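The sequence and coordinates are shown first, and the findings follow by topic.

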Amino acid sequence: MKYNGFYFWMFKSPMKKVLAEKYGREYAADIMKKSKKVYRELVEKADDIGDDNPMAYNELFALAFVAPYVASEKKIPPETVQEMMRRSLYHIKWYFAKTDLNTDKGKAENKKSVVKYAKWYTPEKEAEYPTSFKVDFVGQPYEGACYYRITRCPICSYARNLGVSELMPLFCELDEVMITLQHGVLHRKQTLANGGEYCDYFITGNKERP
């Protein structure tokens, strides 16, 4: 993938703060310094899924948290990585809170990037980038629902190749956190990380009943 350091830069401070609280400032500074280099390496070694890929940000986002785990040689436990993820999301909770999933406008905004991706990932694009996200809308629970599912995930595949699959369920939990911050609820049956056939996203507002 083409390197973009934005997400690492954005989450560096809250990640470092969690490490400092648990292991001291010196250790935190050392790991985050190493992580910056590791992040670049992880991104550049990842499969090319297209520079203009509308969903590439998902992988860049996830690798920001993989970097300190790899930089520590997996000495930082997944539970600490999970706290780093949560703290990072709450660091920008104002951004997610702008979307209200109890409104039609909020649901449309939430689904916009996925619909954009589905249109972008033509058969020609799939032939060019065969390991990119595979998305469909099969099995929509009811008319007007904010629903889609991912049947192929490059993040999951890359995590497995890197030997850090234990982090994948934590990334899946982040989906719930993000949607909660958007005043919504994620109703999920399965994920690729837990051996499912797909990751389903059935989203309602937190004032609705599914």
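A residue is called buried under 20% relative accessible area, exposed over 50%, and partly exposed in between (1.4 Å probe, protein chains only). The model is predicted: local features need pLDDT of at least 70 and side-chain atom pairs count only at pLDDT 80 or more, whereas totals for chains, interfaces and linings use all residues. Residues are numbered from 1 along each chain as its sequence is written, and side-chain values use heavy atoms, with hydrogens and water left out.

**Salt bridges**

- The structure holds 13 salt bridges, each defined as a side-chain nitrogen of Lys or Arg within 4 Å of a carboxyl oxygen of Asp or Glu.
- One of these joins the side chains of Arg-87 and Glu-21, with an N to O distance of 3.1 Å.
- Arg-87 belongs to helix H4 (residues 78–91) and Glu-21 to helix H1 (residues 6–23), so the pair ties together parts that are 66 residues apart in sequence.
- Helices (H or I, at least four residues) and strands (E, at least two) are DSSP runs, numbered from the N terminus.
- Because Glu-44 and Arg-40 are 4 residues apart in helix H2, about one helical turn separates them.
- Both are partly exposed: Glu-44 has a relative accessibility of 44%, and Arg-40 has a relative accessible area of 38%.
- A further salt bridge connects Lys-134 and Glu-126 at 2.9 Å, N to O; Lys-134 is partly exposed at 30%, as is Glu-126 at 23%.

**Negative surface patch**

- Asp-47, Asp-48, Asp-51 and Glu-128 form a negative surface patch.
- Patches are made of residues with over 30% relative accessible area and no salt bridge; like charges are joined within 9 Å, and nonpolar side chains (Val, Leu, Ile, Met, Phe, Trp, Tyr) within 5 Å.
- Asp and Glu count as negative and Lys and Arg as positive, while His and the chain ends are not counted.
- Each charge is placed at NZ of Lys, CZ of Arg, CG of Asp or CD of Glu.
- Accessible areas come from the Shrake-Rupley method with a 1.4 Å probe, and for residues only the protein chains shown count as cover.
- Asp-47 sits in the loop between helix H2 (25–45) and helix H3 (56–71) and is partly exposed, with a relative accessible area of 44%.

**Buried positions**

- Helix H8 (residues 154–162) has Pro-154, Ile-155, Cys-156, Tyr-158 and Ala-159 as its buried residues.
- These residues pack against H2, H3, strand E2 (146–152) and H9, where contact means heavy atoms within 4.5 Å.
- Gln-182, in the loop between helix H9 (168–181) and strand E3 (184–187), is buried at 10% relative accessibility.
- Leaving aside residues up to four places away in sequence, Gln-182 touches Phe-96, Thr-99, Asp-100, Leu-101 and Asn-110.

**Positive phi angles**

- Glu-73, although not a glycine, has a positive phi of about 60 degrees; Glu-73 lies in the loop between H3 and H4 and is exposed at 60% relative accessibility.
- Lys-74, in the loop between H3 and H4, has a positive phi near 65 degrees and is partly exposed at 40%.
- Gly-163, which follows H8, has a positive phi near 80 degrees.
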